[in-house]
Every structure is written in structure tokens, then in C-alpha cells.
Amino acid sequence: MTGARNPSVLAWRAQTDTWPRHCDSLTGFSSSPFRFLGGFSFSIWSCLVRRKKETRGKKKQKTSDRYIFFYLVNQKLGTVFCFGNEKFPGIVCLMDCAPSSSDKKTLKRWFFIDKMVGNLDPMDLKTNQASPVLTDPAPIKKSRLGIPSSLLSYSQHSSKFIMIPRKKPGMFDDVRSNGWLDAMKSSSPPRKKLIKDFNVEVASDDTDIAYFSWMLKYPSALNFFEKITNYAKNKKIAMFLDYDGTLSPIVDDPDRALMSDDMRSAVRNVAKYFPTAIISGRSRDKVYDLVGLTELYYAGSHGMDIMGPLSHTVSDDPNCVESNDQQGKEVNLFQPAREFLPLIDEVFRTLVENTKEIKGAKVENHKFCVSVHYRNVDEKNWPVIAQCVHDILKGYPRLRLTHGRKVLEVRPVIDWNKGKAVEFLLESLGLSDKNDVLPIYIGDDRTDEDAFKVLREDNRGYGILVSPVPKETSAFYSLRNPEEVMKFLNTLVKWKKQEEAKCAIDSKRSM
Ligand SMILES: O=P(O)(O)OC[C@H]1O[C@H](O[C@H]2O[C@H](CO)[C@@H](O)[C@H](O)[C@H]2O)[C@H](O)[C@@H](O)[C@@H]1O
């Protein structure tokens, strides 16, 4: 398969009776069914395609063999993704045959997909698939901030999950039936996991197969760097970065989530060329201390605490005041949840008190929201911590819950999130509603999905999801981990420098 040139990647509905257009015989099926991490199943198929070719107009025929690999995702929908090359351009359809054997060698060969996705531009995919991640209720249009009509708890707003309530009456019924426990279990990628299904055991590098297939939909921003910069030519890039899991690796102790010096210098360099903001779930002060760069804009508490540039386009908002940053520079301070401060303080203290007996639980006060960590809590006690938070929230109808990576996040019911923060910052920077602006948002968590969605709307910009495992997302591209994020940032700076050098040469020539 290494000889494959000009690869194409096609997706279409399965047909059961069509033979490949460019082949004379098709033999040697093998298949491997899996259950994907998200729970849906897919099969990998390979087949040997034999094609007879006439050589140089002579009658003599030459046969050429090619393997074609394709896989079937979500058998119910019958969606087939197929990989071909110039000679066999992916016109292979599903034959009427059932998965029978597993072939590990075949699976290994399947790694060629990594090379072959090069032709696919996710912008072309026009996928409208709704993301099943937990996100905020739909924003109320035409208002910067609105309180949702209902003050019901968060999970009741989320219609994207089909929750199957379990009938058994028990102690933790609330958190089982409202989906909190399921969300908690799926809230952070497992570290090296065995996938057992259909007697196929898949481990370590085999999990990469699932990842590579996912990358067809969310290709690596490094592999697609040229595509990104082609699109960015003559545009002003605005960079938005999440902190935990994006600039710093996920660690057990949130206080030790430090950013490396190399990453810091990568971010500093990015900020030299592009307006750059950090948008974090942490409090603005905490994330500022961790990043330590004065040249950036900071939005803490999931965007509910923004220190942005002094701007008259947003300063008429009642939640926006003029202030000074740590260096005494005049800035705008936007705090749409200011009235919730006493409530957040109170619920923080209650949460600390009520979870103190749960070993490993940690509660953080992030000024406009509170984080309840369960990463270090024994899994058998997750229902206990979930029920505890749930019971407390029952007394606070103006607060709601969202899920992060092994963290329950309590926040005001206001219609504000990281996506809105991106819009607010673009407006403050005078970069909204402009065709020559390309916002890029890099983040790893469910709360970052709000920002990805905002950028996906009307193809406004690129969301890049940082994840080492397949995840449903509204992002366009992916990166595996903070190291890849750093590489991406450095490559972007290098590209920008080259562009500027080219411009300088061009303008000298034209003088
Ligand atoms: O929006 P972010 O900047 O990504 O912040 C989200 C949460 O990040 C922190 O928690 C996460 O990272 C910790 C350190 O690696 C990890 O221990 C924890 O399990 C993760 O959820 C932060 O502590 C939270 O308060 C933020 O909400």
C-alpha cells in the first residue's frame, strides 16, 4: 500500500450489490469488527483487487494486484468510508458478506491511512453532525447575555444525550438517571485501554487504528498545516488557547499543572505575531499566575471574567468596566456573573464541608465558578461525590453543573460560556464580522466545545481539539497532546516569519 499515489478518501452510503468499477476480480476479504471507544461499532475490511491491464497497446495482458482497505462505521447507518488510489479510486462498495475473521496483519497495514488523509479538507466534509458532548443550552440570539427561561438543573437542558433511566430504586438514583455518572465515567480519556469485542483484543498500537480512523474526520492540524496557512493567507489570525490539557499536561494535582518553559516561549512568540488570549475554567488570577505572560489577554472562570483590551465597541455593556491590569495598563474588565459572587462563595464553602469525608475529593474556588475534582477519588465513590454535589445544587436553582475532565463544575445559570468569550474578545479587538480574520481556538475539554461551535458557524475559524483518543467534537482539526500544541504554535510562528520576510522582499522589489 505504500505505493499508493494521489489518495482519495470518499464517504458514501453502503450498497450491497455493486462491484468495484476498476477491477476484474475481487478476492480475499478479511474483516475485523470493533466496538469503538464511544460505543458504536465499526469494521475494517480489506480486499485484494486484481486488475488486468494491456501493456503498450499490445494484446498481452498484465495483472496488477492492489489491496483496498475500507471500513464501515456505524453499521446501522451503513456509512462506508473507503480508501483507494489513482488506479482504484475508492469505488468499492460493501459486498454481501458478514464479518468472519480477524486479521491482525491487515490491521497493521491499515496504518497507511495516516498518510492517505492528506487530500481531505474537513471544510469540504460539510458535516452537520450534532456533537453529543455536554454543552450549554442554546444561546439566546441577539443578546450578549441572557438568563435561560427555566432555572432547571443543567442536565435537563441537554437534549443531545439519550438517557435511559434505570428502574432500580437506590441511593444514587438521581445521579444515575440524570446521566451524571455516565458523563463522569467518560469525562477523560483512559490511559492505555484494552478494547475487547468479538473476541478481538486490541491494545496499545491497535487503539491507534481507532484514532487514525477518527482523524479522517478531525485531521491533525500539523499534517494539515499547509491547508490552514493557505486559508490564513492575507488574514489576521487571532489565537485562543485553553490552559489545562492544552498548554499543560493533565496531572493528578491541579496545583501542579505547570506549563513548561518551552511552551511558555512558544506562546510568547505566538503573541508577538497574533493577538492571543487564554480562555480557562480556572480563575483569571490563577491562570495568569500559571502562564505568567503579560502580553496576552486572559479570560477566567470559563469566560465569565475577561480582561481584554480597552475598547469602545463593548464598553457600553453594563457588565463591562474600565480597569487597569497588573502593569497599570488600561483595560476592559467584563464580568457578567458579578451578582453571583456571594452565591458562589457560599456554595464553595458548603461543597468543601460536605465533601471533606470523601477521600481524594478537591474543591477549587474559581471566583465565578467552583470545581469539584474526583480524579483522585476511588471510582466506587464517584456516585457518592456526584450525589453530594447534586443534593447541594438542589438548594441553588440559580447554579448549574457542567462536566469537565474528572471534574464537576458548578456555575451560574447565565447564558455565557467560552464560545461567548471568544465572540466578546473578537469584538473587543475589533476583529468580529470581518472576512479577513481567522480565529483559531485550541482546547481539550467539553467546555471548549462552545468555542469550537462558535468558530464552526459559517466557517468563521478553526477549532482544534487536543485529544489522544477519538471524541465527538465540533472542532475541525486535532492535535494529540500539549507537545503537539507547542509544535503547532512554533510552526505557525515560523510560517508567519517567512511570510513577513517574503512580503519585505516583494515590497523592496516593487520600489
Ligand atoms: O479550561 P481549562 O483551562 O482547561 O480548565 C479546566 C479545569 O482544569 C483544571 O482541571 C483539570 O486539570 C487538572 C490538572 O491537570 C486535573 O487534575 C483535573 O482532573 C482536570 O479537570 C482545573 O483544576 C479546573 O478547576 C478547571 O475547571
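Mentor: A residue is called buried when its relative accessible area is under 20%. The structure under discussion is a predicted model.

Trainee: Is Leu 425 buried or exposed?

Mentor: Leu 425 belongs to helix 13, which spans residues 418-428. The cut-off for a buried residue is under 20% relative accessible area. Leu 425 has a relative accessible area of 1%, so this residue is buried.

Trainee: How are the rings of Trp 416 and Phe 424 arranged?

Mentor: A pair of aromatic rings is described by the distance of the centres and the angle of the planes. The count of aromatic pairs in this model comes to 14. In the pair of Trp 416 and Phe 424, the centres are 6.4 Å apart and the planes stand at 70°; because an angle over 60 degrees counts as edge-to-face, the pair is edge-to-face.

Trainee: Are Trp 416 and Phe 424 buried or exposed?

Mentor: Trp 416 has a relative accessibility of 1% and therefore counts as buried. Phe 424 has a relative accessible area of 1%, so Phe 424 is likewise buried.

Trainee: What is the arrangement of the rings of Tyr 462 and Phe 476?

Mentor: The ring centres of Tyr 462 and Phe 476 lie 5.8 Å apart, and their planes meet at 90°, so the pair is edge-to-face. This pair links distant parts of the chain, 14 residues apart: Tyr 462 is in strand 19 (residues 462-466), and Phe 476 is in the loop between strand 19 and strand 20 (477-479). Tyr 462, at 1% relative accessibility, counts as buried. Phe 476, with a relative accessible area of 2%, is buried, and its ring is edge-to-face with that of Tyr 462.

Trainee: Which charged residue sits over the ring of Phe 476?

Mentor: Phe 476 is part of one aromatic cluster with Phe 224, Tyr 231, Tyr 462 and Tyr 477. Over the ring of Phe 476, 4.2 Å from its centre, sits the charged end of Arg 456.

Trainee: How much of the ligand does the protein bury?

Mentor: The ligand is surrounded by 21 residues, of which the closest are Val 251, His 366, Arg 375, Arg 405 and Glu 409. A polar side-chain atom of His 366 is 2.6 Å from an oxygen atom of the ligand, and one of Ser 371 is 2.7 Å from a ligand oxygen atom. For His 373, an N or O atom of the side chain is 3.1 Å from an oxygen atom of the ligand. Taken alone, the ligand exposes 570 Å², and the share of this that the protein buries is 99%.

Trainee: Which residues is Pro 254 in contact with, leaving aside its neighbours within four places in sequence?

Mentor: Pro 254 is placed in the loop between strand 8 (236-241) and helix 9 (261-273), and at 9% relative accessibility this residue counts as buried. Pro 254 and Lys 362 are 108 residues apart along the chain, yet their C-alpha atoms are separated by 9.2 Å. Neighbours within four places in sequence aside, Pro 254 is in contact with Arg 282, Lys 362, Glu 364 and His 373.

Methods. Residues numbered from 1 in each chain as written. Predicted model: local features only at pLDDT ≥ 70, side-chain atom pairs only at ≥ 80, totals over all residues. Heavy atoms only, no water. Phe/Tyr/Trp six-rings, centres within 6.5 Å; stacked < 30°, edge-to-face > 60°. Buried < 20%, exposed > 50% of the residue type's maximum accessible area, 1.4 Å probe, protein only. Helix = DSSP H or I, 4+ residues; strand = E, 2+ residues; numbered from the N terminus. Lys NZ or Arg CZ within 6 Å of the ring centre and 35° of its normal. Near = heavy atom within 4 Å. Polar contact = N/O pair within 3.5 Å; in protein donor to acceptor, adjacent residues only side chain to side chain. Areas by Shrake-Rupley, 256 points an atom, 1.4 Å probe, with all protein chains shown as cover. Contact = heavy atoms within 4.5 Å.
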